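Welcome, and thanks for opening the viewer. Let's take a walk through this model, one selection at a time.

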Amino acid sequence: MIAHWAILSGIEGNLRALEAVLRDLQRQRPPITTLYVLGDIIGLKGQNDAVVQRLQMPDLEPLDPQICIGWWEEQCFNLFGVGLSGEVPELIAQQGEAAVGQLWESISRSSVQWLRSLPFGFHELDCLLVHGSPVSASEVLTPATSPAVLCDRLIRADANQLFCGRSGELFDCWVRAEALTSEVKTLDGRETQTFDLPQRRLIGVGSVGRQPGMASYVLYQPGNNQLKQCFVRY
């Protein structure tokens, strides 16, 4: 069977948007072989537990969903005291103090435990699939990001295609650095190396639930490197 991936992110607790995308995936030809969900499963759209339960349902089995954590999941872990910090300054700064209570009340402890079992990302074939970047789930990468930063993140990814969902945008950006120079300081002095970075690709996978009435995601065929951007009204 031809490998045909569906890659999405940013459901943000929007069950209606997720259901619309799942119906659209069932209509795709060739059939979807793997579904990647790159974080931000939960959010402030009000149906976090329902979204978690939907992603666990057996009728998704043919799609073989592969799910990793995103920014919202990290905020949730910190809020529930199971993350790297017991504080949520990023959540307050970006969503306001009211978001703390909203998030706490919108998700059960069992859902949090399930989310904690999810990986940071996936390295498949020559592709890295993460929510933000290889550095952090909170980092936003777009074509407007500094070329130096993009080159650094693509080198860290050690992959030809880097898929990310943090920005919520759809984009397809090819990056190449010519005459990239690295300098290493040793006991004997400094060593400098100059090399070319092969052309690599940064792909934004859109957002399922962030924009009311419109979901977006991407389809990718690793066999021929073909990418398709998809929109679903709901």
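This is a predicted model: local features need pLDDT of at least 70, side-chain atom pairs count only at pLDDT 80 or more; totals for chains, interfaces and linings use all residues.

**Stop one: a hairpin**

Start by selecting Phe122, which stands opposite Leu129 in β5. For your selections, residues are numbered from 1 along each chain as its sequence is written, and side-chain values use heavy atoms, with hydrogens and water left out.

Now widen the selection to β4 (residues 121–124) and β5 (residues 127–130), which pair in the antiparallel sense over 4 bridges. Strands pair here if DSSP finds at least two bridges between them. Helices (H or I, at least four residues) and strands (E, at least two) are DSSP runs, numbered from the N terminus. Between the two strands of this hairpin there are 2 residues, and Leu125 takes a positive phi near 55 degrees.

**Stop two: the open sheet**

Next, show the open sheet of 5 strands, whose order is β3-β2-β1-β9-β10 with mixed pairing. Why is one side of β3 (65–68) and of β10 (226–233) left without a neighbour in the sheet? Both stand at the edges, so each has a single partner strand. From one strand to the next, the twist averages 20 degrees.

Zoom in on β1 (residues 5–8), which runs antiparallel to β9 and is joined to β9 by 3 bridges. Pick Ile7 there: the bridge partner of Ile7 in β9 is Val218.

Then go to Gln221 in strand β9 (residues 214–221). Is Gln221 buried or exposed? Gln221 has a relative accessible area of 14%, so it is buried (buried is under 20%, exposed over 50% and partly exposed in between, with a 1.4 Å probe and protein chains only). Gln221 touches Ile2, Ala3, His4, Pro30 and Gln226, leaving aside residues up to four places away in sequence; contact means heavy atoms within 4.5 Å.

Axes are lines fitted to C-alpha atoms, for helices over the stretch in contact, and angles run from 0 to 180 degrees between N-to-C directions.

Now bring in α2 (residues 48–55), whose axis comes within 9 Å of that of α1 and crosses it at roughly 25 degrees. The two helices, α1 and α2, are therefore roughly parallel; angles under 35 degrees count as roughly parallel, over 145 as roughly antiparallel, 65 to 115 as roughly perpendicular and the rest as oblique. Show side chains for Leu15, Leu18, Glu19 and Leu22 of α1, together with Ala50, Val51, Arg54 and Leu55 of α2, which make the contact.

**Stop four: the core**

Which residues touch the most other members of the largest nonpolar core? Among its 42 residues, they are Leu25, Ile41 and Ile42. Such a core is a set of buried Ala, Val, Leu, Ile, Met, Phe, Trp, Tyr and Cys residues joined through side-chain atoms within 4.5 Å. Center on Ile41, whose contacts include Ile11, Val51, Leu55, Ile67 and Leu115.

**Last stop: a crossing pair**

Finish with α3 (residues 71–79) and α5 (residues 98–105), whose axes come within 11 Å and cross at roughly 85 degrees. That makes α3 and α5 roughly perpendicular to each other. Display Trp72, Gln75, Cys76 and Leu79 in α3, which meet Val100, Leu103 and Trp104 in α5.
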